Amino acid sequence: RCGCPHRTYMTTITQPSPEANALQQAAAVAAVAEIRRVRMSNASFECASLKRSSGSRAKSTFQLDVTQEFGVIGATVHASTEFVLSLPPPKGSKELGPARVTGRFEIDYEIGHGKESPRLTDDAVSAFARINSIYNAWPFWREFVDSAVGRMGLPRLTLPLLTAPLAADLAGFGEKPGKRPASSAGRRRTK
């Protein structure tokens, strides 16, 4: 020893979470992608009771199921995302039954249009399609749910704003499968 005080430093090297890795891959594709078209291709809503309510759902609980399909043809990524929202009847209500709102959104992305496109892996394009199709369809889905729930005469329900990590979780990249915000539960299927 040289007589000077020595310090021991420990460094922990961690691997990025599956969610963080997917978000990085999706971001690489998003940098060279443009949305060409968003359309709602299917929509429905139903309620077991048609009696009206003027109340509100203070702390709504709901189940959200997400089903996705995507394909790549040339420089075009076509993604289809279907949301199914199931609402149980409000506690103690004898007037309102369970409700269900369904919406399918078709989104076309063009990759690398007029931009220098880096070499993209299939995993990166898959992460992009799965995460971004949820993220880009979400504002349209939120508006449709708000409108449909109101038209069924149910207490108002406003879905939360969607963050990129939550979109990755809904797309199946979360660290703990099935983990959802306290106000919801969900399942995901990808074809």
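**Salt bridges and aromatic pairs**

A salt bridge here is a side-chain nitrogen of Lys or Arg within 4 Å of a carboxyl oxygen of Asp or Glu. Arg104 sits in strand S4 and Glu82 in strand S3 (residues 76-87), so this pair ties together parts that are 22 residues apart in sequence. Helices (H or I, at least four residues) and strands (E, at least two) are DSSP runs, numbered from the N terminus.

Before I go on, a word on the model. It is predicted, so local features need pLDDT of at least 70 and side-chain atom pairs count only at pLDDT 80 or more, while totals for chains, interfaces and linings use all residues. Residues are numbered from 1 along each chain as its sequence is written, and side-chain values use heavy atoms, with hydrogens and water left out.

Are Arg104 and Glu82 buried or exposed? Both are buried. Buried means under 20% relative accessible area, exposed means over 50%, and partly exposed is in between (1.4 Å probe, protein chains only).

How many salt bridges does a search of the whole structure find? The search finds 5.

Next pair. Glu110 bridges to Arg36, with the closest N and O atoms 2.9 Å apart. This one links distant parts of the chain: Glu110 is in strand S4 (residues 99-111), Arg36 is in strand S1 (residues 33-47), and they are 74 residues apart. Glu110 counts as partly exposed, at 21% relative accessibility. Arg36 is partly exposed too, with a relative accessible area of 42%.

Now the helix side. Asp146 forms a salt bridge with Arg156, the closest N and O atoms being 3.0 Å apart. Asp146 lies in helix H2 (residues 122-151), and Arg156 in the loop between H2 and helix H3 (164-170), so the pair ties together parts 10 residues apart in sequence. Arg156 is exposed, at a relative accessible area of 57%. One network also turns up: salt bridges that share partners join Glu34, Arg36 and Glu110.

On to the rings. The count comes to 6 aromatic pairs. Rings of Phe, Tyr and Trp (its six-membered ring) pair if their centres lie within 6.5 Å; planes under 30 degrees apart count as stacked, over 60 as edge-to-face and the rest as tilted. Phe83 and Trp141 are stacked, at 5.0 Å centre to centre with 15° between the planes. Phe83 lies in strand S3 and Trp141 in helix H2, so they tie together parts 58 residues apart in sequence. Both are buried. Finally, Phe45, Phe83, Phe105, Trp138, Trp141 and Phe144 form one aromatic cluster.
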